[in-house]
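Q: Hi! Could you walk me through this model, one topic at a time?

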Amino acid sequence: MLELKHISKRFEEHLIIDDVSLVLPDCGMVGIQGTSGCGKSTLLYIIGMLDDDFAGEIFYNGEKVMDRSEFISQNISYMMQNKDFISALTIKENITLASQVSQFDYSPAILQKITTQLSIQDLLKRYPHQLSGGQLKRASIAKAMLKQSPIILCDEPTGALHSQQAQIVMQELKKLSLKSLVIIVSHDPLLLKQYCDSVLTLENAKLKGRLKKTPIIQTTHPQPKTYSMFFYSFKQLLYQRNKLLFLFLFQWIVIVAFFLIVTAMNGVFDAISESEKSSVQVNMMTIEKKDSSAFEELITHLQIKNVTYDYSLEQLQWSYQNKDITCFISFLPIQTSHIQLSKGRLPQNSHEIILSLPLYQTLKQPQTLTCLTDTKIEMQVVGVLEEHFFTQEEIYCSPLLQNELSAFKDMKTLCVEAKEQSHQMLYKSLSQDYFVYSDVIERVENYQSILSLARLIAYVFIGISFFVSLLLIGIVESTIYYERTHDVAYLLSLGMKRKRLFVLSIIEALSLGIMMAIGGCLLSAFLYFYFNNVYLLKEHFGILLSLHPILLSQYDLYGFIFICYMLMTMLGALLPTRKMMSINMIDVLREE
Ligand SMILES: Nc1ncnc2c1ncn2[C@@H]1O[C@H](COP(=O)(O)OP(=O)(O)OP(=O)(O)O)[C@@H](O)[C@H]1O
């Protein structure tokens, strides 16, 4: 039994309902009539607790209604003027939605029976916009029948229907009123008189008329059953597929660009450090005293493998077939196990040299070169270095040649060879007392400064792209959520709890994030494999795409992308969802 006690409602100064008290029966059909704008719909919303902004109290079966969502979901079915459908769901899904929100079990056999009775059994796979007004009304009645609501509220159930359709709808509602309380608001006094057990009139904010007593019936709810409502989210996403496809494509491009830039930069760093290791002069450096004085004796240091006086090799002149050669000249390190030759062997006596590949090619594979000291020395070319990163035109002489070059000895400069792996440390340590020069370190530093700049540009690009992605996700998600304002209001009017809706939205946002991240990572992993193993990037550009550990393993980058996207989609969903949670469902439903 539903009881209204001293209900009043005003919009600003305007009193719409003035101290209405009413005890409604458990079953039967009650009509409410009145002039346009007198407040009939407003009263109906209050009876169903869809509008809770009123003065007074509502009791159901002797208890004051406190939990609004619970009361609506368990007891109320509401027929609005064709607003009680969700466009993304089929008619069948729309009919079953109310039961699912209320967590009521329903069997396919009963659904079949109800829809056949209402002659809409062939329309179940259609979407709401594909149905006529009368068919929609019957689908709306099917919802109430399936949910077995004890109270059915109908706002203009026959509005916009021609008379034959109106009669069918009223007959069906009449059948429902044998077991439930059906309250109908209508402009049509004849129809109300024909079908309703009692007709009340709202006039000057007061409700007039008598209610006919009907037998008390015991209301039975269907069996409870837990429904997850994920299908609703899935259908909503499917409904927005074009927008989402655009969003996904954009995000996948951003992820792939980010991934390729990072792995390519890693690859360049790897290539530099690899070439540093394979460089002929990798452990060599020269030192000078800061006051430019001569070294009276050779220095010693734990990390020094070998030290000699330097020779002013730039004063040596070289020629080939009577033409002067201008190029770098260096001594090989004492132990030369790490040097790789593309041809020939290492020098074994003072008159043997090896050449870098570019010089060997420029001179068209010379057999001998002439070195001009006090005398002419015919130098045999016995080997050619392998092509490597620091490729320049260079001649490498044996350290044994130093014995014949005493005139070129430079007392002010020492040539130092570091022990394996200690080049950097020795460089740093000697730099404190001497001027230290190392071709390898200087070249690596040059490359590193260029790379640092490239890295900075890449990170700025990545930062901007991520920011734009975040904005785009936010914008697209917001439009998706705002377009659903009606659906959210409708779900609330079915008694769906706001918390449940919020959780659903967050799960939906997270699944979007997961799909974006998984898609982007799979695409990136595919391109990683393709460029390294099919396109053979190393052969074309001398680098490989390379994954470096960030925290735990080399696959951290995927995890990083994953977390970023989860956060981004969450942020994108949070704001519109929070706004959505605070909407006034009746204002939204009335606006349409
Ligand atoms: N959100 C609102 N703010 C201010 N006034 C409102 C609001 N909603 C409704 N009203 C006013 O309250 C009054 C009652 O509206 P209601 O829709 O209940 O009337 P009604 O009797 O159902 O009208 P109709 O028969 O034309 O549908 C109207 O004058 C309307 O303009």
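**Helix 1 and onward**

A: Happy to. Eight of the eight residues of helix 1 are buried, so helix 1 is largely enclosed by the rest of the structure. Buried means that 20 or more other C-beta atoms lie within 10 Å of a residue's own, exposed means 12 or fewer, and partly exposed is in between, with C-beta atoms placed from the backbone. Helices (H or I, at least four residues) and strands (E, at least two) are DSSP runs numbered from the N terminus.

Q: What sort of model is this, and how are residues numbered?

A: This is a predicted model, where local features need pLDDT of at least 70 and side-chain atom pairs count only at pLDDT 80 or more, while totals for chains, interfaces and linings use all residues. Residues are numbered from 1 along each chain as its sequence is written.

Q: Thanks! Which residues of helix 1 are buried?

A: They are Lys40, Ser41, Thr42, Leu43, Leu44, Tyr45, Ile46 and Ile47. After helix 1 comes Met49, with a positive phi near 60 degrees.

Q: Now the ligand. Which residues are around it?

A: Around the ligand are Phe11, Ile16, Gly34, Ser36, Gly37, Cys38, Gly39, Lys40, Ser41, Thr42, Asp587 and Arg590. The test for being near is a C-beta atom, placed from the backbone, within 6 Å of the molecule.

Q: Which helices supply at least two residues of that shell?

A: Helix 1 (40–47) and helix 17 (585–591) each do. Helix 1 gives the most, with three residues.

Q: And how does the shell split by class?

A: There are three nonpolar, six polar and three charged residues. In this scheme Ala, Val, Leu, Ile, Met, Phe, Trp, Tyr, Cys and Pro are nonpolar, Asp, Glu, Lys and Arg are charged, and the others, Gly among them, are polar.

Q: Zooming out, what domains is the protein divided into?

A: Domain 1 covers 2–227, domain 2 covers 241–275 + 447–591, and domain 3 covers 280–437. Those bounds come from an automatic or database domain assignment. Taken over C-alpha atoms, the centres of domain 2 and domain 3 are 52 Å apart.

Q: Which residues does UniProt annotate as "transmembrane region"?

A: The unreviewed UniProt entry puts that annotation on residues 244–269, 456–480, 501–531 and 557–575. UniProt positions are given in the numbering used here, feature names are shortened, and annotations may be inferred rather than shown by experiment.

Q: What is the chain doing over 456–480 and 557–575?

A: Residues 456–480 are 100% helix and 0% strand, with end C-alpha atoms 35 Å apart. Residues 557–575 are likewise 100% helix and 0% strand, and there the end C-alpha atoms lie 28 Å apart.

Q: Let's look at helix 16. Where does it bend?

A: Helix 16 bends by about 30 degrees at Leu574, and a proline, Pro576, follows within four residues. The bend is the angle between axes fitted to the seven residues ending at a residue and the seven starting there.

Q: How many residues does helix 16 have, and how far does it reach?

A: Helix 16 (residues 556–581) has 26 residues and reaches 36 Å from its first C-alpha to its last, close to the 38 Å expected at 1.5 Å a residue. The expected span is 1.5 Å times one less than the number of residues. Buried residues in helix 16 include Leu557, Tyr558, Gly572 and Pro576.

Q: And helix 13: which of its residues are buried?

A: Helix 13 (residues 485–493) is mostly covered, with seven of its nine residues buried. These are Asp487, Val488, Ala489, Tyr490, Leu491, Leu492 and Ser493. Gly495 follows helix 13, and its phi is positive, near 95 degrees.

Q: Back to loops. Where is Gln321?

A: Gln321 sits in the loop between strand 13 (317–320) and strand 14 (323–325). Its phi is near 50 degrees, a positive value in a residue other than glycine. Asn322 is found in the loop between strand 13 and strand 14 too, and has a positive phi of about 65 degrees although it is not a glycine.

Q: Why does Asn322 count as exposed?

A: Because Asn322 has 6 C-beta neighbours inside 10 Å. Gln321 is exposed as well, with 11 other C-beta atoms within 10 Å.
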